Amino acid sequence: MGTFHELLKPNELQAIKRLKLKASQVVEGALSGAHRSPHKGFSIEFAQHREYSQGDEIRRVDWKVFAKTDRYYVREYEEETTLRATVLLDCSGSMDYANPDCDTKLNYARRLAACLARIIISQSDSVGLVTFDDRLRGFIKPKSSKRHLRVLYDQLNATVPGGETDLAKVFHEIVPRIQKRGLVFILSDCFTDVHSLLGSLAHFRNASHEVVVFHIMDPDEVEFPFDLWTRFENLERFGEFHLVDPASFREAYLENLEQFREQLETGCQRHRIALVPLVISEPLTDALTRFIVQRSRPR
């Protein structure tokens with residue numbers, strides 16, 4: 001059975017101790033909590049008026065509105081509920097890349113998933129975990145107990161790189177399995193057809209989920225620093241490689257990468273999806289703290 005410290009160092013655990021995550025749109029949960037619910041109840045935040053109907057409690061009548069309209073209306077409030085979050089972890093072969101100065105993208109993503117899970121459960125909310133490459137590898141439903149956190153850590157410790165990527169196919173399969181609206185975190189390098197990817201992300205939004213995409217890349221993928229003849233291996237197809245002179249296609253690679261990132265950013269903005277670019281040379285807790293601080297600012 002894995003331990004927390006196999007994924008997170010003591011200083012990282014200390015760094016995330018005071019971080020809090022809150023949904024920015026309505027969510028559905030089972031208990032009273034700190035996040036807005038689609039259901040109406042008796043909490044502090046006013047939601048709307050509706051016309052009085054037989055059986056409503058007299059104490060909920062808004063007498064000021066009655067004095068102006070001579071009609072009976074009751075006040076409704078937004079219930080607060082617990083957050084239900086699901087972390088989607090890409091464990092395809094391309095996530096196994098690492099340059100000599102960094103860990104693999106997968107290990108960075110596993111540690112990020114561990115941080116998110118610990119933060120969410122520490123605030124008495126629930127979190128689940130999905131691992132995938134070109135198909136579902138594991139599906140753990142959201143729960144909020146400390147014992148459940150151990151289950152998630154064990155799964156993260158056991159996660160190894162898989163095969164090819166088919167993000168769009170897998171995401172379309174996952175959407176109906178997340179039964180209540182909540183917060184979906186996607187941890188991936190997003191290397192797939194961008195139009196298909198955006199269509200599958202829109203599927204989450206159409207199901208009323210809030211979506212955050214952590215786009216995880218290695219510095220080599222962003223900067224393409226290669227100078228000498230280099231052997232490039234396909235991490236998703238064993239034995240496939242090319243020996244090339246990087247100078248011959250550096251410019252084209254960087255142009256294609258920029259176009260891909262712009263298309264992904266524009267599409268996420270269109271579907272109201274939070275896109276968080278991460279380069280794994282940045283310390284994990286610094287990146288996570290920056291994300292949460294920016295998220296907490298008024299829009």
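## Packing of helices H6 and H8

Helix H6, which covers residues 194–206, packs with helix H8, which covers residues 250–270, at an angle of about 20°, and their axes lie 10 Å apart. Because angles under 35 degrees count as roughly parallel, H6 is roughly parallel to H8. This arrangement belongs to a predicted model. The crossing in which H6 passes H8 is right-handed.

On the H6 side of the contact stand Val 194, His 195, Leu 197, Leu 198 and Leu 201. They meet Phe 260, Gln 263, Leu 264, Gly 267, Cys 268 and Arg 270 of H8. By residue type, the contact of H6 with H8 holds seven nonpolar, three polar and one charged.

## Packing of helices H5 and H6

H6 also packs with helix H5, residues 167–174. The angle here is about 10°, and the axes are 8 Å apart. Since an angle under 35 degrees counts as roughly parallel, H5 is described as roughly parallel to H6.

From H5, the residues Leu 167, Ala 168, Phe 171, His 172 and Ile 174 take part in the contact. Their partners in H6 are Ser 196, Leu 197, Gly 199, Ser 200, Leu 201, His 203 and Phe 204. The residues of this contact of H5 with H6 comprise seven nonpolar and five polar, with no charged.

## Glu 251 in helix H8

Helix H8 includes Glu 251. This residue has a relative accessible area of 60%, and it is therefore classed as exposed, the cut-off for that class being over 50%. The C-alpha atom of Glu 251 is separated by 9.5 Å from that of Phe 224, although the two residues are 27 residues apart along the chain.

## Aromatic residues

A pair of aromatic rings is described by two quantities, the distance of the centres and the angle of the planes. The count of aromatic pairs in the model comes to 10. In the pair of Phe 66 and Tyr 72, the ring centres are 4.6 Å apart and the planes stand at 15°, so the pair is stacked; the cut-off for this class is under 30 degrees.

Phe 66 and Tyr 72 form one aromatic cluster together with Trp 63. Phe 66 has 22% relative accessibility and therefore counts as partly exposed. Tyr 72, at 41% relative accessibility, also counts as partly exposed.

## Positive phi angles in two loops

Asp 70 is a residue other than glycine, yet its phi has a positive value, near 60°. Its place is the loop between helix H2 (63–69) and strand S2 (73–81). With a relative accessible area of 60%, Asp 70 is exposed.

Ser 124, which is not a glycine, likewise has a positive phi, of about 65°. This serine is found in the loop between helix H3 (105–122) and strand S4 (126–132). The relative accessible area of Ser 124 is 51%, so the residue is exposed, given that the class requires over 50%.

## The chain as a whole

The secondary structure of the chain consists of nine helices and 10 strands. The chain has 299 residues, of which 45% are buried. Among contacts between residues at least 6 apart in sequence, 74% join residues at least 24 apart.

Methods. Residues are numbered from 1 along each chain as its sequence is written. This is a predicted model: local features need pLDDT of at least 70, side-chain atom pairs count only at pLDDT 80 or more; totals for chains, interfaces and linings use all residues. Side-chain values use heavy atoms; hydrogens and water are left out. Axes are lines fitted to C-alpha atoms, for helices over the stretch in contact, and angles run from 0 to 180 degrees between N-to-C directions. Helices (H or I, at least four residues) and strands (E, at least two) are DSSP runs, numbered from the N terminus. Angles under 35 degrees count as roughly parallel, over 145 as roughly antiparallel, 65 to 115 as roughly perpendicular and the rest as oblique. A crossing is left-handed if the near helix is turned anticlockwise from the far one by less than a right angle, and right-handed if clockwise. Contact means heavy atoms within 4.5 Å. Ala, Val, Leu, Ile, Met, Phe, Trp, Tyr, Cys and Pro count as nonpolar, Asp, Glu, Lys and Arg as charged, and the others, Gly among them, as polar. Rings of Phe, Tyr and Trp (its six-membered ring) pair if their centres lie within 6.5 Å; planes under 30 degrees apart count as stacked, over 60 as edge-to-face and the rest as tilted. Buried means under 20% relative accessible area, exposed over 50%, partly exposed in between (1.4 Å probe, protein chains only).
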